[in-house]
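Subject: Structure handover

Hello,

Here is the structure I promised you. Please open it beside this email and follow along.

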Amino acid sequence: MGSKPKLRVGLLLDSALKAFQAEIVDQIQSSEFAQLLLVIDDRGVPTSGLVRTDHRRPPLALEMYQRLDRRQFDRPENPLRAIDDTEVVRTIPKISSGAGRSTLIADIGSHQLDVLLYLGGHPLVRATHSLAQFGVWSLRTGYDAGGFDEMPFFLDIYGDHVVSAIALNVATKDAPAGRIVAKGTFSARRNSWLLNCTQPYWSAVTLVMQKLRELNERGWDRFARNASITEEASAARTNPTLRNRDVAGWWASRNLKKLTNRPREPLESHWRIATRVGKSPTLADSATPDLSGFRLHESPPGHYYADPFLIEEAGKHWLFFEDYRYATQHGVLGCAEVSPDGSVGPAQTILERPYHLSYPCLLRESGELFMLPETLANGTVELYRCARFPDRWEPVKVLLSCRAVDSTIFKRDGLYWLFTSILEPHANCRQLNLFYARDLLGEWTPHPANPLSSDIRFNRGAGAILSREATLVRPSQDCGPSYGYSFSLNEITRLTPDEYSERCVLTAEPNWTPGLTGCHTYSLCGDVEAIDVAAKLPRSVVAPDTH
């Protein structure tokens with residue numbers, strides 16, 4: 001058990017317990033920092049409870065769509081699956097709203113709660129804000145996480161939004177509208193309302209537990225000052241009034257598109273690398289995303305090349321990259337020399353493992369060259385040392401044991417720093433985390449500002465950290481519209497063992513030549529630059545032997 005008293009948590013229910021809510025209950029009860037002491041059953045008389053009853057009922061067409069969508073896309077990981085809460089909360093004291101609102105409020109107050117948790121989808125009456133010492137914690141949903149919806153996450157697909165979001169809002173007596181203390185942003189699943197719910201709701205499990213732990217460990221003052229509390233929560237968003245004919249028209253249009261789209265050969269997201277030499281200023285020093293002058297290099301049949309990293313060795317520039325083989329659906333690492341005119345020499349394989357490899361991030365330290373490739377498929381973050389340049393590498397140490405992608409390592413002010421995007425256990429989403437160590441092969445300490453980002457537009461690395469005079473720049477990729485759609489350059493404005501902040505200074509989209517659908521990595525070494533780009537091409541073209 002932790003050294004501090006556990007947080008006293010109450011749970012307000014206005015409907016049957018859902019799968020993601022039950023997971024939060026289970027994790028609270030098994031944690032060392034919080035304990036669920038009270039369940040408030042607000043499924044009784046509507047006018048006597050804490051959940052407001054003035055919300056609109058969804059139109060019939062919307063309810064019909066929901067039922068059919070559930071039938072078509074229901075999966076075991078459905079976060080809205082109803083759970084028999086008899087066993088889940090059997091041992092927890094329960095009170096009901098049936099006795100009236102004033103009696104209910106008095107009963108809750110007698111339990112001296114630290115946090116009142118409400119995971120439903122409707123606004124609460126104002127009297128709830130003073131029922132727990134550290135406020136009422138609720139979820140805001142939708143493309144901007146701006147309010148409560150008749151059917152959470154439906155407006156995202158109805159309005160054809162690129163992203164969906166969920167936020168944890170804390171409303172207190174002195175701030176009744178609340179403030180957003182954590183927020184996750186995800187790529188919208190525009191083909192299904194239920195699928196669009198899945199990642200946000202499962203991610204809410206992680207957000208709630210992270211914030212409960214943070215409050216317990218740091219106390220309210222530090223919790224309230226944390227950089228993740230960045231915006232005042234507005235009143236519930238004013239949503240458009242959906243009528244039956246609106247939903248029916250939208251639904252008919254979607255079905256018509258499905259019928260009229262002729263079957264065709266499936267397309268592959270095929271990646272290639274492009275280089276540019278001698279451009280002034282380079283993209284890292286430019287105020288605008290000028291990608292003119294990049295020279296595109298075709299990947300050989302049956303392969304795609306992606307994740308370029310540049311390094312200089314013995315006066316020559318070398319390009320390290322992921323070599324993905326369509327036949328095995330498996331990536332190895334390759335390299336090739338970059339000539340002064342920007343041409344790329346023959347590729348050679350430098351590292352192959354029984355599991356997929358990509359993102360060969362490089363670090364030169366004390367006369368040695370190290371590499372930190374992505375080894376998600378092995379559930380590790382692995383460090384390698386170059387035994388013979390460029391084609392012989394030996395494992396040194398597993399730095400982290402976790403499911404992570406696009407780990408980026410660098411050294412600054414006598415410390416080693418490691419950005420990595422760790423996958424959440426349920427949602428399979430990512431959170432950007434930062435670790436630091438005084439010794440490359442020593443223990444790595446998680447940064448207290450973790451997670452730095454739960455936003456799919458910024459929470460995944462896109463190349464090595466760039467050092468521009470006194471400034472550090474972190475490349476990140478935007479996977480909102482699609483995987484690897486674009487990359488941004490983010491100036492790191494604060495980097496200490498206690499604080500982290502950055503600001504986006506430039507975003508490069510895949511529009512510098514026709515037909516591109518993505519560009520998700522940027523590398524710079526001297527006056528040589530490299531990016532990777534994707535295009536949708538038939539498998540018979542990019543991998544004829546596997547077609």
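Below are my notes on the nonpolar cores and the aromatic rings.

Keep in mind that this is a predicted model.

**Nonpolar cores**

Start with the background. In soluble globular proteins, nonpolar side chains tend to be buried together. Here, the largest nonpolar core has 56 residues. Those touching the most other members are V9, I28, L117, W137, F154, W193 and L212. Helix α6 (residues 193-225) gives this core its largest share, 13 residues.

Now look at L212. Leaving out residues up to four places away in sequence, L212 touches L7, V9, I28, F33, A34, V115 and W137.

**Aromatic pairs**

The count of aromatic pairs is 25. Two are worked through here.

- F134 and W220: the ring centres are 5.6 Å apart and the planes are at 15°, so this pair is stacked. F134 is in the loop between β4 (115-118) and β5 (136-142), while W220 is in helix α6, so the pair ties together parts 86 residues apart in sequence. F134 counts as buried, at 13% relative accessibility. W220 is partly exposed, at 28%.
- F309 and Y359: the ring centres are 4.8 Å apart and the planes are at 85°, so this pair is edge-to-face. F309 sits in strand β11 (residues 303-313) and Y359 in strand β15 (residues 358-365), so parts 50 residues apart in sequence are tied together. Both F309 and Y359 are buried.

Ring pairs also link Y65, F154, Y158, W250 and W251 into a cluster.

**A charge over a ring**

Which ring does the charged end of R474 sit over? The ring of F419, 5.7 Å from its centre.

Best wishes

Note on methods: Residues are numbered from 1 along each chain as its sequence is written. This is a predicted model: local features need pLDDT of at least 70, side-chain atom pairs count only at pLDDT 80 or more; totals for chains, interfaces and linings use all residues. Side-chain values use heavy atoms; hydrogens and water are left out. A nonpolar core is a set of buried Ala, Val, Leu, Ile, Met, Phe, Trp, Tyr and Cys residues joined through side-chain atoms within 4.5 Å. Buried means under 20% relative accessible area, exposed over 50%, partly exposed in between (1.4 Å probe, protein chains only). Helices (H or I, at least four residues) and strands (E, at least two) are DSSP runs, numbered from the N terminus. Contact means heavy atoms within 4.5 Å. Rings of Phe, Tyr and Trp (its six-membered ring) pair if their centres lie within 6.5 Å; planes under 30 degrees apart count as stacked, over 60 as edge-to-face and the rest as tilted. A charge sits over a ring if NZ of Lys or CZ of Arg is within 6 Å of the ring centre and within 35 degrees of the ring normal.
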